[in-house]
Amino acid sequence: MHRLFRPFHKLQWQLSLSYLLVIVIAIPILSGAGLALVALTPAPTPAQRLVRLLTHEVVPLVPRSLDSQNATARTRLNAWAINFVLNQRPVKQGTGPQVPQLNASEILALAILDHAGRIAGSDPSLPSHDAAIDPSSLAFFLQKMHINGPASQQVIRAAFADPQNQADLVTTLPDGQTLAAVPLFDTHQSVSGVLFVCVRGLRSDPQTTGILDKLSAWLPGSGSYTGNGLPRLLFYALLLLLVFSIIGTLFGIGIARRITGRLQRITVAAHAWSEGDFQVHVLDHASDELGQLSRDLNQMARQIENLLATRQQLAQVEERQRVARDLHDSVKQQAFALTLLIGTAQSRLPDDPLLARGQLQRAGELADQIRQELTAILQQLRPVALIGQHLQAALRDYVHQWSSQTGIGCEFEASDLPIGSEGSALRPEVEEALFRVVQEALANVARHSQASQARVHLEQGCDQVCLRVADNGKGFLAAQTAGDGHGLANMRARVEALGGTLLIKSAPGETIVTGCIPPGEDTQGLTDKRKREVV
């Protein structure tokens, strides 16, 4: 069952089915409205109905030969007229009428006139067509046929003129008799004669003036409603339903194919965009909603492409800045220490070659560390000191090494630190940032402070880990350091990038750099929420 309805899951067939349903639903509604309109239209009068019966049902049965001068033709026409009139009378029960039934109680006369207006056949029949016919007998016959009166001649002339208004073809006399004449046509559809009748007692036939009779009068081949009108009406209704259903289905399929084709182009472009190919565009120049959607999507794709290009450029700039910070915080500081060692060795070489040799040996070790640091930076690794150990051990080793290289006494303290234990280890980026802060702060102590003693203290609380670097040097003013190098700016950038704060207090005899960073949560993007202070 699911496979049977699978095609209707596609938009094309859904739209086609919707058009078909609209047609199927609209036809009964329109048919009902049409039937209501027909029901409200006035029913034809008995006289008008008589003309319609004669025109649509009787005239096609009249023999074509209307030559009043041909005895054989007259005999055939007289026989047809007599047979037609006789079959208007009651027939045996159980048998249907042999000829169309007029809506009249009695046919007083029926005459077929040729193109010259002469009687070619009639009932009652003309006594004789000889030229020597008694004038009195002819006058009596014409009076009996009701064909020589002014009213009769008027409708006969109207029939020969083939009027469009059927009301001119019938008239009712004061005595209740009705005179009607309808044209007869030859094979060339030219008027070749007239069928004239005189009847009495016109009937309205209420059983045949219902809505079906009114509607069947408009159908091809319609005439009297004699029991075959209903099948004919149903036939035309079904035919109309079939035609409109086919038209609706074809129209729906055409519209659906056009819409689904345009949607398919959008789908292909969206799939290409999802794979990073923004060179694909939707080609749809229509001015409707789908065309506007295609243009908006193309514009969005161009904007995303530009955004990605800008993001790539920013990423490159950020990477260059990161590398610059790493070089400044590690290689530059170690290179400065290397310079001090080499300078000390040069100054002690004449007096104490053994001490100079020791300084050069330590300089070689430091140069090797510089090489390793450069390798780590190039490989985007953590600082060499943090490889294989946690922050506390790395800081202890670095402080001892720095004190040995610079000759400045330095103490390292770590109070209440479960750092490095399995349950409370810091994130790598936090450890790296704090380690770089210690490197930069101690480098500034060695270069600028003229201090004799320094202290590094590491402490972790429940919501942040704090690092404090202090020295007993000459101090400095924050305003005087603005724009000088990258040191302080790099420290701030590293700490605040992780949602932390950096506080610097400096006065003659004491300088304290304090950096605090949340240890566990992801604090990317919180830089603007932190306050930067320099005292």
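The dialogue below walks through some features of a predicted model.

Q: What kind of model is this, and how are its residues numbered?
A: The model is predicted, so local features need pLDDT of at least 70 and side-chain atom pairs count only at pLDDT 80 or more, while totals for chains, interfaces and linings use all residues. Residues are numbered from 1 along each chain as its sequence is written, and side-chain values use heavy atoms, with hydrogens and water left out.

Q: How many helices and strands does the chain have?
A: Helices (H or I, at least four residues) and strands (E, at least two) are DSSP runs, numbered from the N terminus. In this chain they come to 12 helices and 11 strands.

Q: In what order do the five strands of the open sheet stand?
A: Two strands pair if DSSP finds at least two bridges between them. Here the order is 2-1-5-4-3, with antiparallel pairing. Strand 2 (119–123) and strand 3 (170–172) stand at the edges, each with a single partner strand, so one side of each has no neighbour in the sheet. From one strand to the next, the twist averages 15°, where axes are lines fitted to C-alpha atoms, for helices over the stretch in contact, and angles run from 0 to 180 degrees between N-to-C directions.

Q: How many bridges join strand 1 to strand 2?
A: Strand 1 (residues 104–113) is joined to strand 2 by four bridges, and the two run antiparallel; Leu-113 has Ile-119, in strand 2, as its bridge partner.

Q: Which strands does helix 3 touch?
A: Contact means heavy atoms within 4.5 Å. Helix 3 (residues 71–86) packs on the sheet, touching strand 1 and strand 2, and its direction makes about 30° with that of strand 2. Helix 5 (residues 150–160) lies across strand 1, strand 3, strand 4 (177–185) and strand 5 (191–202), running at about 140° to strand 5.

Q: Is Asn-298 buried or exposed?
A: Buried means under 20% relative accessible area, exposed over 50%, and partly exposed in between (1.4 Å probe, protein chains only). Asn-298, which lies in helix 8 (residues 289–348), is buried because its relative accessible area is 9%. Leaving aside residues up to four places away in sequence, Asn-298 touches Trp-273, His-281 and Val-282.

Q: Is Leu-250 buried or exposed?
A: Leu-250 lies in helix 7 (residues 229–274), and Leu-250 counts as exposed because its relative accessibility is 58%.

Q: What share of the chain's residues count as buried?
A: Of the 535 residues of the chain, 37% count as buried.
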